[in-house]
Number of protein chains: 2
Amino acid sequence: MSDTQLHPDQGMTPASSGKAITIKDIEAAAARIGGEALATPLLRHPLLDERAGARVFIKAENLQRSGSFKFRGAFNCLSLVPGEARTRGVVACSSGNHAQGVAASARLLGMTATIVMPADAPAIKLERTRGFGAKVVTYDRETEDRDAIATTLCKQSGATLVHPFNDPAVIAGQGTVGLEMVAQAAALGVELDHVLACTGGGGLSSGIALALASRSPSTLFHTVEPELFDDYKRSLDAGTRLSNAAKSGSVCDALMSQSPGEIGFSILRRLAGEGVTVSDDEVLDAVAFAFTELKLVVEPGGAAALAAVLSGKLALTNTAVGIVLTGGNIDPQMMVKVLSRQ
Amino acid sequence: MSDTQLHPDQGMTPASSGKAITIKDIEAAAARIGGEALATPLLRHPLLDERAGARVFIKAENLQRSGSFKFRGAFNCLSLVPGEARTRGVVACSSGNHAQGVAASARLLGMTATIVMPADAPAIKLERTRGFGAKVVTYDRETEDRDAIATTLCKQSGATLVHPFNDPAVIAGQGTVGLEMVAQAAALGVELDHVLACTGGGGLSSGIALALASRSPSTLFHTVEPELFDDYKRSLDAGTRLSNAAKSGSVCDALMSQSPGEIGFSILRRLAGEGVTVSDDEVLDAVAFAFTELKLVVEPGGAAALAAVLSGKLALTNTAVGIVLTGGNIDPQMMVKVLSRQ
């Protein structure tokens with residue numbers, strides 16, 4: 001694992017970054033996306049409680065429109081593109097779930113979308129992104145820079161860039177997951193002690209952490225990352241943004257970001273508790289558990305928080321724990337592999 | 001298909017049958033099971049609405065404790081066994097989901113359970129039933145009479161028989177699915193025009209029909225059955241209980257009952273609308289759709305109502321339709337087969 005420190009200005013900075021995000025932005029996002037995003041359920045399961053020794057509340061964002069939470073941030077962001085710029089469309093880079101969220105949002109808003117995706121993204125994600133009507137441009141994860149490709153595309157067409165995580169509108173949209181979790185837990189008479197979510201660039205995690213800080217300040221948020229992509233954990237420990245040595249090699253295709261997003265890190269360094277890492281085996285066990293016991297289809301990256309709970313990575317005994325199942329866009333072949341392991 | 005007419009007294013009649021079931025029994029069941037059964041969500045998905053040309057509300061009983069709605073009826077029924085008889089335990093016959101519902105309920109209530117299951121039941125159902133601590137006795141679906149085996153076991157041990165569908169306490173328990181659907185739809189400002197559920201012996205279907213008749217009388221209930229096991233459709237058309245010629249051969253292992261239950265039929269002949277039949281192919285397409293688009297694990301029998309909607313078997317355009325996904329206990333090998341078809 002690398003401990004390369006990033007310069008503050010390194011990486012792509014979208015036009016809208018830099019504004020401080022507040023709970024009002026998340027509430028505005030909730031109002032904006034409410035007509036199109038699904039209010040996903042907060043589920044329980046006695047067997048999961050038994051395994052965890054805790055009361056676990058499962059936010060099932062795999063059931064979200066486009067198959068992951070990414071629709072929330074994308075739809076919020078695209079809704080904010082001003083009228084005239086809408087005709088020039090949007091560009092996004094994504095391993096697949098942001099791609100589908102942007103593509104689905106663009107279709108609903110009558111915009112064109114071009115998505116820069118890794119050539120080794122799960123076939124289902126490439127296929128579904130095209131299915132939503134987007135144009136897909138592929139790149140090599142090991143040798144090419146997706147941000148540079150996206151920037152060039154934007155320069156050529158005048159399209160608006162929709163960053164997967166380092167954008168206040170995207171973070172505010174993802175933060176609606178946290179708003180809903182707090183409200184749904186409260187409706188059950190519960191205040192959550194911990195919330196765990198998988199963390200790539202940190203858009204979802206920072207959005208949830210902001211929502212919790214405002215609406216449920218006693219709840220502690222934790223990042224969950226794959227072993228080779230634990231940049232947030234190491235960065236939070238070090239107090240500065242560090243990148244990963246690996247560029248591929250995790251079963252969690254959705255979580256292989258190279259370093260924390262600038263905005264997400266600035267939020268999570270204030271608000272996040274202990275970071276957790278999970279192995280590929282723990283993640284695949286969690287995908288199988290979700291299938292067999294919870295009856296939910298969850299992709300590997302989407303099962304990281306469940307994996308953290310099932311493998312006892314945090315001291316959670318007798319607490320109320322919220323976890324986010326972030327996505328369900330798993331290739332059938334991957335699920336066949338998971339089911340054959342048992 | 002056979003049109004053999006059954007004598008009114010044919011088939012096993014449990015001690016508690018004969019009482020008229022009312023909405024008060026379903027409300028009492030809801031109170032009784034509320035602490036243990038899960039309040040499963042009523043889900044939406046834009047792609048399903050698009051495919052159906054209707055607003056579809058999905059009651060996800062595959063997410064229920066023990067993996068199917070059967071827990072509701074079983075827990076209600078076992079809760080009503082008087083104190084002294086509890087020590088002698090319970091016996092049930094079941095293709096697998098009732099087995100798990102009874103086994104899980106018996107464990108919670110500190111009772112022993114013996115389950116008579118077909119030898120060709122999905123391995124996962126046999127395994128999970130044993131996993132809940134029940135003793136399993138297998139029989140040959142083609143040559144042996146499961147009711148006779150169960151009756152003998154009860155005579156030997158003094159155990160209480162828990163019929164999978166022809167019992168008022170079981171029907172009242174399953175009816176809580178209908179109660180919840182009406183309340184959850186109302187919370188969304190919706191009155192359902194139609195509700196579709198798969199129908200084996202008719203315990204769930206008659207319970208839901210009773211709940212709808214009382215709480216949402218403008219909602220029309222429809223039975224959904226596999227092609228070779230359309231005994232309810234034919235019986236409702238004929239006005240008398242008819243049995244099926246086939247004893248096996250459907251992909252819907254949960255729906256291969258031989259004829260309508262006496263009590264269920266007496267309710268559904270008053271309250272059910274047009275009966276629907278679905279083919280194995282339509283069912284497997286629905287299982288795949290649930291996996292790929294809804295991100296839900298549904299077993300073939302549990303996907304029958306979804307199959308009816310996806311294959312356009314009823315005129316539902318522009319209506320509000322409730323469907324029940326009744327169970328998710330699918331063998332991994334069966335899911336691998338389904339995913340390989342695509």
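I started with helix α9 of chain A and listed its buried residues (under 20% relative accessible area, with a 1.4 Å probe and protein chains only): G203(A), L204(A), S205(A), S206(A), G207(A), I208(A), A209(A), L210(A), A211(A) and L212(A). A note on provenance: this is a predicted model, where local features need pLDDT of at least 70, side-chain atom pairs count only at pLDDT 80 or more, and totals for chains, interfaces and linings use all residues. Residues are numbered from 1 along each chain as its sequence is written, and chains are lettered from A in the order in which they are written.

Back to the helix, a DSSP run of H or I with at least four residues. I found that 10 of the 13 residues of α9(A) are buried, so the rest of the structure largely encloses it. For the cover, I looked up contacts (heavy atoms within 4.5 Å): the elements over those buried residues include α1 (23-33), α8 (168-187), β7 (194-198), β8 (220-226), α11 (262-271) and β10 (320-325) of chain A.

Next, chain B. I traced an open sheet of four strands there, ordered β5-β4-β3-β6 with parallel pairing; strands are DSSP runs of E with at least two residues, and two of them pair if DSSP finds at least two bridges between them. I noted β5 (135-139) and β6 (160-161) of chain B as the edge strands, each pairing on one side only.

I then checked β4 (residues 113-118) of chain B, which pairs with β5(B) in the parallel sense over five bridges.

Key. Side-chain values use heavy atoms; hydrogens and water are left out. Buried means under 20% relative accessible area, exposed over 50%, partly exposed in between (1.4 Å probe, protein chains only).
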